[in-house]
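Please report on the model below.

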Amino acid sequence: MRIVLFTGKGGVGKSTVAAGTAALAAARGLRTLVISTDAAHSLADAYGAVSAGSTNPGAEPIEVAPGLHLQQVDAQLRFEQSWADIQRYLLSVLDAVGMDPVAAEEMTVIPGAEEVLALLELRQHARSGSWDVIVVDCAPTAETLRLLALPEALGWYLERLLPIQRRLVKALRPVLNRAAGVPMPGDAVFDTITRLHGELDDVHALLSGPDSTVRLVLTPEQVVLAEARRAYTSLCLFGYRVDGVVANRVFPAGDDDPWRAGWVRAQADVLREVAQSFGGLPVWTSEYQAAEPVGVPALSTLAAELYGAADPLAVPAGEGPFRVSRGDDGGAVAHLSLPHVSRSEVDLARNGDELVLTVGSYRRLLTLPPGLARLRVAGARVVEGELRVRFTEPERVEAR
């Protein structure tokens, strides 16, 4: 099964490109689901699904064309299904301290829960075996990066702190109940959190696997390109494979109209920078349409023109953003793709069996495989957009 996620700065047309790619896949006979994780859903509008008679595209996938299904996640419904045990406990705590029930209900809607549930919805579909292709229309870039960093970050917390908290609560529950008058969490709460951890861990494995890629959508503007470059770096940092760039809304060359000619020249300059910034990746170009592409036929045509003879679902070759090479001396080198970054912009630390990588405002805790965890870090450098961390046997480092 193939998973393609589309993201980009707000307003660049990523929903249109995602919808068109999904429509093209379905037209080729593939069982296709297109799902939105953006709170400002617009997929149904792009397909004209509401006007076609669907009054609530979202709770479950609906068929908008043969083989093409659409879902806009109903966050409230999924919240009630997945968060019920935790919410009941939180409500009991707030009730014990005398909070108004309406205010308590609002307080127990955890910030970011909608993003978590969107990931769980994606996982459920991916593991169902019902689809050949899943196309994900993600939120704008910053929200997408937070979304994709979430499984690993939450997993780190739960793996280390949850077992300790569970043991403490079990031992101290009778005392704390009498002393504070506040109910302590029961096993159902911890079991729910543990299950959530396992599911999010599975999401990360799924989306960083060889059949899942992220596709960046941009318009030929300097500000948009700058954000796309940063997104490319951050996605590689978290282990996600970027398989291409879509340059959308490109003005076609034409008559001698000075206004349009100015835009054509300006965009041509940016497109040259796009080719340089994403060297090695395909860059697909979509011209500005004479009319807004709405409906499955229009979107299929747009995608067919965009990709041309290329296969939009081809799995990229290579090992992905992270790989390890072995040396003859028993040491190893960890390679992590970090395009557009210099060594001075990377902060690297070792904490047990983890590397702590910080690039700009993003931090990743990279758990080392057992073969590297026993070695020591001997040095690091950035070469041609790749961070290379050298590991060697402990005695070799000490000898120096």
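The report runs from the whole chain down to single residues.

## Basis of the model

This is a predicted model, in which local features need pLDDT of at least 70, side-chain atom pairs count only at pLDDT 80 or more, and totals for chains, interfaces and linings use all residues. Residues are numbered from 1 along each chain as its sequence is written, and side-chain values use heavy atoms, with hydrogens and water left out.

## Chain overview

The chain holds 13 helices and 15 strands. Both are DSSP runs numbered from the N terminus: helices are H or I with at least four residues, strands are E with at least two. Of the 400 residues, 46% count as buried. Buried means under 20% relative accessible area, exposed means over 50%, and partly exposed lies in between, with a 1.4 Å probe and protein chains only.

Contacts are counted between heavy atoms within 4.5 Å. Among contacts with a separation of 6 or more, 71% join residues 24 or more positions apart. The accessible surface of the chain is about 19100 Å². Carbon and sulfur atoms supply 54% of that surface. Areas come from the Shrake-Rupley method with a 1.4 Å probe; for residues, only the protein chains shown count as cover.

## The second largest pocket

Rolling a probe the size of a water molecule over the atoms shows where empty space is left. The second largest pocket has a volume of about 530 Å³. Its lining has 24 residues, and those closest to the centre are Tyr 232, Val 242, Leu 281, Gly 320 and Ser 337. Two elements give two or more residues to this lining: α9 (222-237) and β7 (242-250). By class, the lining splits into 11 nonpolar, seven polar and six charged residues.

The terms are as follows. On a 1 Å grid over the protein atoms alone, a pocket is an open set of points where a 1.4 Å probe fits, with protein on both sides within 12 Å along at least five of seven lines; lining residues have an atom within 4 Å of a point. Points are joined across faces, edges and corners, and the volume is the space filled by probe spheres set on them. Nonpolar covers Ala, Val, Leu, Ile, Met, Phe, Trp, Tyr, Cys and Pro; charged covers Asp, Glu, Lys and Arg; the others, Gly among them, are polar.

## Cysteines

A disulfide is a covalent bond between the sulfur atoms of two cysteines. How many disulfides does a search of the whole structure find? The count is zero, with a cut-off of 2.5 Å between the paired sulfur atoms. Cys 138 is buried at 2% relative accessibility. Cys 236 is buried too, at 4%.

## Positive phi

Most residues other than glycine have a negative phi. Arg 249 has a positive phi, near 60°. This arginine lies in strand β7 and is partly exposed, at 30% relative accessible area.

Glu 384 also has a positive phi, about 50°. Glu 384 sits in the loop between β14 (376-383) and β15 (386-392). Its relative accessible area is 79%, so it is exposed.

Val 34 belongs to strand β2 (residues 32-36). It is buried, with 0% relative accessible area. Val 133 is 99 residues away in sequence, yet the two C-alpha atoms are 8.3 Å apart. Beyond four places in sequence, Val 34 touches residues including Leu 43, Tyr 47, Leu 68 and Val 135.

Asp 137 lies in strand β5 (residues 133-137) and is buried at 1% relative accessibility. Its C-alpha is 8.0 Å from that of Leu 43, 94 residues off along the chain. Leu 43 is also one of its contacts; others include Phe 6, Lys 14, Ile 35 and Asp 38.

Arg 363 is placed in strand β13 (residues 362-367). At 56% relative accessibility, Arg 363 is exposed. Ser 234 lies 129 residues away in sequence and 9.2 Å away, C-alpha to C-alpha. Outside four places in sequence, Arg 363 contacts Phe 238, Val 356, Leu 357 and Thr 358.

Glu 292 falls in the loop between β8 (283-287) and α11 (296-307). Is Glu 292 buried or exposed? Its 68% relative accessibility makes it exposed. The C-alpha atoms of Glu 292 and Ala 46 are 9.2 Å apart, across 246 residues of chain.
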